[in-house]
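Please find below a colleague's note on the structure you asked to have reviewed. The points may be read alongside the sequence and the coordinates.

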Amino acid sequence: MIAATGLDASLGWFGDPDHVFRASAVLLGIGQTITTLEHLAVRQELGPGGLHPWTVMRCSVPRRPAVLERVRETLFGAPGIVALLVLRLLAAMTLALATAEALTLVAVVMLAALLVTFSVRLRWGQEAADDISVQVALGLSAFAVCRWFDVPSIGLYYIAAFAALAYATSGVTKLGSPLWREGVALGWVANLRSLGAPWAADLLWGRRRLRVALSWAVMVGEVCFPLALLLPAPGVVAVLAAGLLFHLATAVVMGLNTFVWAFAATYPAVLLSWTALHR
Amino acid sequence: MGTAVSAITSAGLVALFVLSLRYQLHDRAELARRTSRLLLLRQYRLFAPIPGRSDLHLVVRDHDVDGAPRPCREVSMVPLRHWSQVLWNPQKRRWLPVRPLLVDLVRAGAALEDRPVAIELTTPYLVLLGVVGAEPADEDVRARQFLVVERYGHEPEESPRVLFCSAVHRLERTTAMAT
């Protein structure tokens, strides 16, 4: 009882939207710093002979007025897109480190604009973590802009709602699939050369009960994520801890390292929503 | 001014959320029919309902001066799993686009089966042609083609299956290639 009261008090910290903005911004900033450095490490893929050559990609996008075409050519060509990546890195690092209101406002709005730009430019190769990061950046931008004008914003609640939508969609779709309910899908994913790991495939091979148990844990966890808001303090903490553990496991087994940061950046907003409901 | 900012940002986020919610309800066939104009929309199905069981590999085959084909070799995209990838995984940025690119190419190949020249003008084809063209080549190699090969992960008993085979393209020594 005492522990639960202490936990309630600790979660009270997330009742302050400014705290939540800061926590979410730091997590998003770290995740985007890693993501952007990864893009910079393989920047040759953005030029001719790479997987995202603008010389080819430009043929598949609609024509725009001449002025816009010139801007797009400058920004999306090989030198321009690398410059945008450097700008994105600066915005991400500023967001992770800075505390001044004006600086974080500029950084988060710039980061949101750049993330949307990159989702246009990189037609292939965007993962769900990248999309979630865009949504977090949009929610944080809305909050930061409104805070500047000292008016209320739904930005942080938008982030929480989006996290619930992403988890619930994934869980419901898996529940509807016999391959997931019977544990077959998990074995397939672990066995992939691209996304699996030989040791994980060996571990799951021939262990149907383990596969079924893990599959159901993932499905139930994802479907019930939105319901965490209704649980008492230990419940919501347990759900978020399980979520974090799940993303860490996918980082280890599947190499999806940035999912951890992208989804963790939504958790402070989930806790803000929880405190609003349990006030 | 502040009230207007609050109202506009709120309306924008609510609209985006409603559109995203609606987008989750589209089934696979519907998604294939209509591509979202708003690139912020995406389905969060994450390996559901049917996850990929196989890996798609990009394979090149060089041709000598006399036109004789050489053995196929894979364009290495997928790195071995390493613990450090939990924090830092730049190679992921190389293999993430490969599967959707290859899937789009195979789909285009099936749809334009009777028009091979049209396939060669699709974006995935041109991108992959550039990728294989940038791969190093021996001095006596004059032409190159690429294949999309499907393999069932680590299952040794399943033999690879060729899903797509490109035309043979003359290899320019400046690393660019022309048909």
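This is a predicted model: local features need pLDDT of at least 70, side-chain atom pairs count only at pLDDT 80 or more; totals for chains, interfaces and linings use all residues.

1. The contact between the chains. On the chain B side, 55 residues are in contact with 64 residues of chain A. Helix 1 (2-24), helix 3 (92-95), helix 4 (98-111) and helix 6 (123-133) of chain B each give two or more residues to the side of chain B that touches chain A. The most comes from helix 1 of chain B, with eleven residues.

2. The nonpolar cores. Which residues touch the most other members of the largest nonpolar core? They are A:Val108, A:Leu111, A:Ala137, A:Leu140, A:Leu156 and A:Ala160, in a core of 78 residues. Helix 7 (residues 128-148) of chain A gives the most to this core, namely 13 residues. Leaving aside residues up to four places away in sequence, A:Ala160 touches A:Thr266, A:Ala269, A:Val270, A:Leu272 and A:Ser273. Another core, of 21 residues, lies apart from the largest one; B:Val60, B:Tyr125, B:Val132 and B:Phe164 are among its members. As a general matter, nonpolar side chains tend to be buried together in soluble globular proteins.

3. Helix 5 against helix 6 of chain A. The axes of helix 5 (residues 78-97) and helix 6 (residues 101-121) of chain A come within 8 Å and cross at roughly 140°. The two helices are therefore oblique to each other, and their crossing is left-handed. Among the residues making the contact are A:Leu84, A:Arg88 and A:Leu95 of helix 5 of chain A, together with A:Val108, A:Leu111 and A:Arg121 of helix 6 of chain A. The residues of this contact divide into twelve nonpolar, three polar and two charged.

4. Helix 6 against helix 7 of chain A. Here the axes come within 8 Å and cross at roughly 145°. The crossing of helix 6 of chain A with helix 7 of chain A is left-handed. Helix 6 of chain A contributes residues including A:Val108, A:Leu111 and A:Ser119, while helix 7 of chain A contributes residues including A:Asp130, A:Ala137, A:Leu140 and A:Trp148. This contact divides into 14 nonpolar residues, four polar and one charged.

5. Helix 10 of chain A. Why is helix 10 (residues 184-191) of chain A described as largely enclosed by the rest of the structure? Seven of its eight residues are buried, so the helix is largely enclosed. The buried residues are A:Ala185, A:Leu186, A:Gly187, A:Trp188, A:Val189, A:Ala190 and A:Asn191. These residues pack against helix 9 (178-181), helix 11 (198-204), helix 12 (208-224) and helix 13 (233-254) of chain A.

6. B:His57. This residue lies in strand 1 (residues 55-64) of chain B. Is B:His57 buried or exposed? B:His57 counts as buried because it has 22 C-beta neighbours inside 10 Å, where the cut-off for a buried residue is 20 or more. Not counting residues up to four places away in sequence, B:His57 touches B:Glu74, B:Val149 and B:Arg151. B:His57 and B:Leu147 are 90 residues apart in sequence, and their C-alpha atoms are 8.1 Å apart in space.

Notes
Residues are numbered from 1 along each chain as its sequence is written. Chains are lettered from A and ligands numbered from 1 in the order in which they are written. Two residues are in contact if their C-beta atoms, placed from the backbone, lie within 7 Å. Helices (H or I, at least four residues) and strands (E, at least two) are DSSP runs, numbered from the N terminus. A nonpolar core is a set of buried Ala, Val, Leu, Ile, Met, Phe, Trp, Tyr and Cys residues joined through C-beta atoms within 7 Å. A residue is buried if 20 or more other C-beta atoms lie within 10 Å of its own, exposed if 12 or fewer, and partly exposed in between; C-beta atoms are placed from the backbone. Axes are lines fitted to C-alpha atoms, for helices over the stretch in contact, and angles run from 0 to 180 degrees between N-to-C directions. Angles under 35 degrees count as roughly parallel, over 145 as roughly antiparallel, 65 to 115 as roughly perpendicular and the rest as oblique. A crossing is left-handed if the near helix is turned anticlockwise from the far one by less than a right angle, and right-handed if clockwise. Ala, Val, Leu, Ile, Met, Phe, Trp, Tyr, Cys and Pro count as nonpolar, Asp, Glu, Lys and Arg as charged, and the others, Gly among them, as polar.
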